[in-house]
Amino acid sequence: VRHLTTQDFLSTLEVFPSIDSTNKYLLERVHNPDFSGSVVSAEMQTSGRGRRGRVWESPFASNLYLSIGWTTNEGIASLEGLSLAIGVGIAEAVESLGIAGNQLKWPNDILNQNRKLAGVLIEIGGDLAGDCNFVVGIGLNVQMQQLDGEKIDQPWTDLSTLAKEQSITLPGRNRVLSILLNHLLPIIANYSHTGLQPYIDRWQQRNWTANQAVTISGGASSVSGVNLGITESGALQLIVDGDVRNFNGGELSLRVK
Ligand code: BT5
């Protein structure tokens, strides 16, 4: 087993004017050593993807659509909970711009005052017990343009709106990208040593709907309970009918009850 280091990343940085999906592009190539550790971004995506076949609206300029890909022989288990740590990294990067009030919605959304600012999609290929390929995809709204109002079926926001609301001057988008990478690459490179542990409190501090009644659903079934936040392995913990129960997995979605 060889541990990753930050030097294993940013071997290449590709910027596309337009692409179908930065995640798709990198997932198809990351097994090739030339692509391990690479970062791919685009000005727009024609089929930006979310989880479970959902769409990530990706209009031209000036948002960030970005994927970070690498191979590892440490197996999939070494990266359990990574999407939660990535959420913490994005929230802290945004806060370092001076923007307050970010919240994390399990498992993978970054919200600000109940509006979605960013989403994370981790995709995995290869041999899950051994050599596997990881792609972390991040969509961060910087200045949403050219989007007809009804396209996104939930409240959303972007950094420029938040900056105005909070009377902050935003740096340029390329600077935002570099700040984001400076937060995320060390998290990813060190994750197989650190695990989720250093991120749990930082996640809990930003837990959207902490101690509130929520419903989680997956497919046809749903469960309601009080949101206690995350466990050591990144499961969501709810009090359901007086019992503490843990819910795992990327197939579930959370909403306010
Ligand atoms: C996500 O999925 O939040 C993961 C989004 C990951 C996007 C990045 S962009 C770079 C890389 N390449 C890709 O192809 N994807 C990744 P999910 O939790 O399933 O949320 C999807 C839902 O978010 C949609 O159903 C809408 O409700 C909402 N949504 C779509 N586009 C949005 C946007 N630009 N801003 C805010 N919310 C959006």
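Colleague: How many helices and strands does the chain have?
Modeller: In this predicted model, the chain has 5 helices and 12 strands. Its radius of gyration is 18 Å, close to the 18 Å the globule rule gives for 257 residues, so the chain is as compact as a globular protein of that length.

Colleague: And what does the C-alpha trace span along its principal axes?
Modeller: About 50 × 45 × 35 Å.

Colleague: What percentage of the residues is buried?
Modeller: Buried residues are 52% of the 257 in the chain. As for the surface, the chain exposes about 11600 Å², with 48% of that supplied by carbon and sulfur atoms.

Colleague: Which ligand atom does the Lys116 side chain sit by?
Modeller: An oxygen atom of the ligand, with an N or O atom of the Lys116 side chain 2.8 Å away. Gln45 has a polar side-chain atom 3.0 Å from a ligand nitrogen, and a polar backbone atom of Asn23 is 3.4 Å from a nitrogen of the ligand.

Colleague: How much of the ligand does the protein bury?
Modeller: 97% of the 790 Å² that the ligand exposes when taken alone.

Definitions and conventions: Residues are numbered from 1 along each chain as its sequence is written. This is a predicted model: local features need pLDDT of at least 70, side-chain atom pairs count only at pLDDT 80 or more; totals for chains, interfaces and linings use all residues. Side-chain values use heavy atoms; hydrogens and water are left out. A polar contact is a pair of N or O atoms within 3.5 Å; within protein, one must be able to donate a hydrogen and the other to accept it, and residues adjacent in sequence count only if both atoms are side-chain atoms. Accessible areas come from the Shrake-Rupley method with a 1.4 Å probe; for residues, only the protein chains shown count as cover. Helices (H or I, at least four residues) and strands (E, at least two) are DSSP runs, numbered from the N terminus. The radius of gyration is taken over C-alpha atoms; the globule rule is 2.2 Å times the number of residues to the power 0.38. Buried means under 20% relative accessible area, exposed over 50%, partly exposed in between (1.4 Å probe, protein chains only).
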